[in-house]
Amino acid sequence: MSENASDSNCYKEIWPLIERPGFLARRLHQIHVSLFAELCATFRMTPLQYSLLSALAVLDEADQTTLARAVALDRTTTTGALKRLESRGLLQRVTSAQDRRAQVCRMTPEGASLLSAMEASARAAHEATVEALDADERATFLELLKRVVTAHDGRRAENLRES
């Protein structure tokens with residue numbers, strides 16, 4: 001057996017996938033997206049679109065770059081999602097008076113209504129994601145997630161493209 005094959009086998013024994021934070025984070029994301037799709041199906045909204053509308057509900061209006069940062073996405077992905085929301089009449093994008101290259105987004109009354117209507121279902125998806133934990137464990141888990149994410153705040157979505 002070659003030295004590399006031997007090292008490879010040793011690696012598999014030492015560090016199983018279930019022990020890797022990146023693998024677990026990806027699996028948790030897959031689980032949450034599946035639960036969100038199931039519980040929010042009637043609203044025809046993805047978690048990303050829901051995040052964008054939620055951010056707009058707080059910001060009132062924002063340019064696409066600000067929204068991309070608010071939901072930790074690259075501008076290209078954000079622009080595509082915003083166009084889909086706009087085509088459904090859930091938000092409007094207008095050229096910024098301060099910068100003609102920028103698009104300012106505002107939620108429409110239809111967007112606000114849909115966001116409000118899906119609130120209980122979206123919360124249920126988030127709760128279902130962590131239902132294996134009791135209330136204290138959930139609070140601890142969320143605090144730990146926030147700490148890890150905050151520690152990496154300098155890593156912007158533009159630099160994090162998945163292959």
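**Close-up views of a predicted model**

**View 1. Gln49 lies in helix 3.** The model shown here is predicted. Gln49 is buried, and its relative accessible area is 8%. What does Gln49 touch, leaving aside its neighbours within four places in sequence? Its contacts are Arg44, Ala81, Arg84 and Leu85. One of these partners, Arg44, gets its own view below.

**View 2. Helix 3 packs against helix 5.** Two numbers describe a pair of packed helices: the angle between their axes and the distance between those axes. Helix 3 covers residues 47-59, and helix 5 covers residues 75-87. Their angle is about 80°, and their axes are 10 Å apart. Helix 3 is therefore roughly perpendicular to helix 5, because angles of 65 to 115 degrees count as roughly perpendicular. Which residues of helix 3 make the contact? They are Leu48, Gln49, Leu52 and Leu53. Helix 5 contributes Thr77, Thr78, Ala81, Leu82, Arg84 and Leu85. Sorted by type, the residues of this contact are six nonpolar, three polar and one charged. Gln49, the residue of the opening view, is part of the contact.

**View 3. Phe36 and Tyr50 form an aromatic pair.** The count of aromatic pairs comes to one. The rings of Phe36 and Tyr50 are 5.7 Å apart, centre to centre. Where do the two partners lie? Phe36 is in helix 2 (residues 21-39), while Tyr50 is in helix 3. The pair therefore ties together parts that are 14 residues apart in sequence. Are Phe36 and Tyr50 buried or exposed? Both are buried.

**View 4. Arg20 places its charged end over the ring of Trp15.** Look for the centre of the Trp15 ring. The charged end of Arg20 sits 4.9 Å from that centre.

**View 5. Glu38 lies in helix 2.** Glu38 is exposed, with 58% relative accessible area. How far apart are Glu38 and Ser121 in sequence and in space? In sequence, Glu38 and Ser121 are 83 residues apart. In space, they are 9.4 Å apart, C-alpha to C-alpha.

**View 6. Arg44 sits in the loop between helix 2 and helix 3.** Arg44 is not a glycine, although its phi is positive, at about 50°. Is Arg44 buried or exposed? Arg44 counts as exposed, because its relative accessibility is 60% and the cut-off for exposed is over 50%. Arg44 is also among the contacts of Gln49, which is buried.

**View 7. Asp60 lies in the loop between helix 3 and strand 1 (61-63).** Its phi is near 75°. That is a positive value in a residue other than glycine. Asp60 is exposed, and its relative accessible area is 58%.

View 8. Now step back from the details. In which order do the elements come along the sequence? The pattern reads α-α-α-β-α-α-β-β-α-α. The chain has 163 residues, of which 27% count as buried. Gln49 is buried, as noted in the opening view. Phe36 and Tyr50 are buried too. Take the contacts between residues at least 6 apart in sequence. Of these, 54% join residues at least 24 apart.

Conventions: Residues numbered from 1 in each chain as written. Predicted model: local features only at pLDDT ≥ 70, side-chain atom pairs only at ≥ 80, totals over all residues. Heavy atoms only, no water. Axes fitted to C-alpha atoms, helices over the stretch in contact; angles between N-to-C directions. Helix = DSSP H or I, 4+ residues; strand = E, 2+ residues; numbered from the N terminus. Parallel < 35°, antiparallel > 145°, perpendicular 65-115°, else oblique. Contact = heavy atoms within 4.5 Å. Nonpolar A, V, L, I, M, F, W, Y, C, P; charged D, E, K, R; others polar. Phe/Tyr/Trp six-rings, centres within 6.5 Å; stacked < 30°, edge-to-face > 60°. Buried < 20%, exposed > 50% of the residue type's maximum accessible area, 1.4 Å probe, protein only. Lys NZ or Arg CZ within 6 Å of the ring centre and 35° of its normal.
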